[in-house]
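Dear colleague,

I am handing over the structure we spoke about, and my notes on what was found in it follow below. Please keep it open beside you while you read.

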Amino acid sequence: MNSRPAGAAARTVDDYRDGIEQLLRPLAARPVESVAVPAALGRKLAADVRSPIDLPVFRNSAMDGYAVRADDVAVAPVTLPLTGVVAAGQPGRPLPVGAALKVMTGAPIPPGADCVVPVEDARADGGAVTVERGRSAGEFVREPGTDVRAGALLVPAGVALTPRHIAALAAVGVPSVPVFQPVRAAVITTGDELVPAGRPLRPGQIYNSNGIALAAALAANGATVVSVEHSTDDPAVFRRLLSSATRSADLVFTSGGVSKGDFEVVKDVLAAHGGLFGSVAVQPGGPQGLTVLDGVPVLSFPGNPVSTMVSFEVFARPILRHLSGLPPVRTSQVTLREAVRSPAGRRQFLRGRLTEDGVEPFAGAGSHLIAGMAWADVLIDIPAETTELAAGAAVLVHEL
């Protein structure tokens with residue numbers, strides 16, 4: 001791949017995103033490893049997991065109450081001798097005919113009992129209990145396998161494990177699960193003007209937010225961030241960091257140095273290695289770069305903070321979530337609360353905030369207005385052929 005020729009038409013958002021997804025799709029064939037269930041949160045399951053046991057394992061009580069025979073309490077109120085207590089974790093003791101046993105929630109149902117009378121419907125007095133309301137056979141009794149049967153599918157392959165999956169796996173005693181190794185991502189920001197947080201700013205300097213922001217976005221979408229580095233505008237420095245990144249990562253993200261200025265270190269270095277640099281018909285985030293270096297895809301975003309974050313949301317986040325087994329980014333049609341204008345020929349992604357009656361644009365279209373991103377919860381998707389929309393128009397929004 002080479003840089004696009006001068007005057008070439010900008011690629012559409014969908015075309016460019018499809019190109020990225022095709023390039024990253026081979027990352028789906030990542031190695032599989034066995035991970036202990038407590039450490040598997042967020043990992044993509046590589047194979048179906050079936051339950052090794054019935055759940056519940058044994059008949060147990062759904063309530064704190066009294067285990068009885070339904071026939072013995074068919075006519076209530078009735079007083080029965082209380083012959084003992086069965087706690088959770090104890091073996092069930094047989095229930096004598098015409099008697100009751102006190103049981104705790106989760107305790108085994110005594111042999112001979114067929115229902116449980118909740119404590120709210122009974123009154124204990126010394127060695128006897130008076131049942132105020134009769135119960136039918138089976139009431140408040142949990143039968144084995146009513147949650148899941150041994151051999152039944154518990155969690156399907158391809159799912160990113162959440163706390164509810166971890167709970168189910170732990171409940172049936174699964175000690176470890178096969179999961180795909182996560183996508184390993186490296187981040188390199190560029191620019192002599194960038195300094196880390198905590199240092200005083202000198203004239204012309206700004207804080208390096210893009211490295212931190214991209215690392216957070218990657219982690220939130222299932223990737224493992226193996227490095228976050230910053231390069232000056234010196235090509236030798238950038239080449240050294242890039243070489244290190246491609247050795248340790250499956251995917252590299254760069255920020256800055258991709259436009260048409262005099263110090264475009266990313267473009268200058270990667271174009272010589274077959275990188276494709278040019279314009280995408282999008283705002284913000286028009287200048288983009290895509291390279292395969294040493295077999296590793298390198299996605300190069302523009303350096304303005306909002307451009308970097310919108311580029312990630314639009315071009316990288318969907319495929320990363322797919323690779324990680326996470327659900328797709330949620331989209332919906334909502335009502336625009338105020339009129340907006342959009343540049344002809346560019347698909348615009350405005351930051352917006354959802355309200356009870358629609359979505360309102362927030363912080364303007366400037367690619368430098370990063371503080372406003374913190375207040376936005378959606379991107380408003382304005383088609384390339386649309387130049388203005390009136391208040392009340394329906395728009396597509398993508399959740400951030």
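In this predicted model, helices α1 and α6 pack at an angle of about 35°, with their axes 9 Å apart, and their crossing is right-handed. On the α1 side the contact is made by V13, Y16, R17, I20, E21 and L24, and on the α6 side by V314, F315, P318, I319 and L323. Sorted by class, the residues of this contact are nine nonpolar, no polar and two charged.

Helix α6, which spans residues 305-324, also packs against helix α3, residues 210-220, here at an angle of about 20° and with the axes 10 Å apart. Because angles under 35 degrees count as roughly parallel, α3 and α6 are described as roughly parallel to each other. The crossing in which α3 passes α6 is right-handed. From α3 the contact takes N210, A213, L214, A217, L218 and A220, while α6 brings P305, T308, M309, F312, L320 and R321 to it. This contact of α3 with α6 has nine nonpolar, two polar and one charged residues.

As a general background, nonpolar side chains in soluble globular proteins tend to be buried together.

Most residues other than glycine have a negative phi, and most peptide bonds are trans. Against that background, the peptide bond from L55 to P56 is cis, with omega near -5°, and P56 lies in the loop between β2 (49-50) and β3 (60-61). The peptide bond from Q283 to P284 is likewise cis, with omega near -5°, and P284 is placed in the loop between β19 (282-283) and β20 (287-293).

Positive phi values occur at F140, where phi is near 60°, and at D294, where phi is about 55°, although D294 is not a glycine. F140 is found in the loop between β9 (128-131) and β10 (141-142), whereas D294 lies in the loop between β20 and β21. With a relative accessible area of 28%, F140 is partly exposed, while D294, at 63%, is exposed.

Lastly, a note on R164, which is found in helix α2, residues 163-171. Since exposed means over 50% relative accessible area, R164 counts as exposed at 62% relative accessibility. The C-alpha atoms of R164 and P175 are separated by 16 Å, the two residues being 11 residues apart along the chain.

Conventions:
Residues are numbered from 1 along each chain as its sequence is written. This is a predicted model: local features need pLDDT of at least 70, side-chain atom pairs count only at pLDDT 80 or more; totals for chains, interfaces and linings use all residues. Side-chain values use heavy atoms; hydrogens and water are left out. Axes are lines fitted to C-alpha atoms, for helices over the stretch in contact, and angles run from 0 to 180 degrees between N-to-C directions. Helices (H or I, at least four residues) and strands (E, at least two) are DSSP runs, numbered from the N terminus. Angles under 35 degrees count as roughly parallel, over 145 as roughly antiparallel, 65 to 115 as roughly perpendicular and the rest as oblique. A crossing is left-handed if the near helix is turned anticlockwise from the far one by less than a right angle, and right-handed if clockwise. Contact means heavy atoms within 4.5 Å. Ala, Val, Leu, Ile, Met, Phe, Trp, Tyr, Cys and Pro count as nonpolar, Asp, Glu, Lys and Arg as charged, and the others, Gly among them, as polar. Buried means under 20% relative accessible area, exposed over 50%, partly exposed in between (1.4 Å probe, protein chains only).
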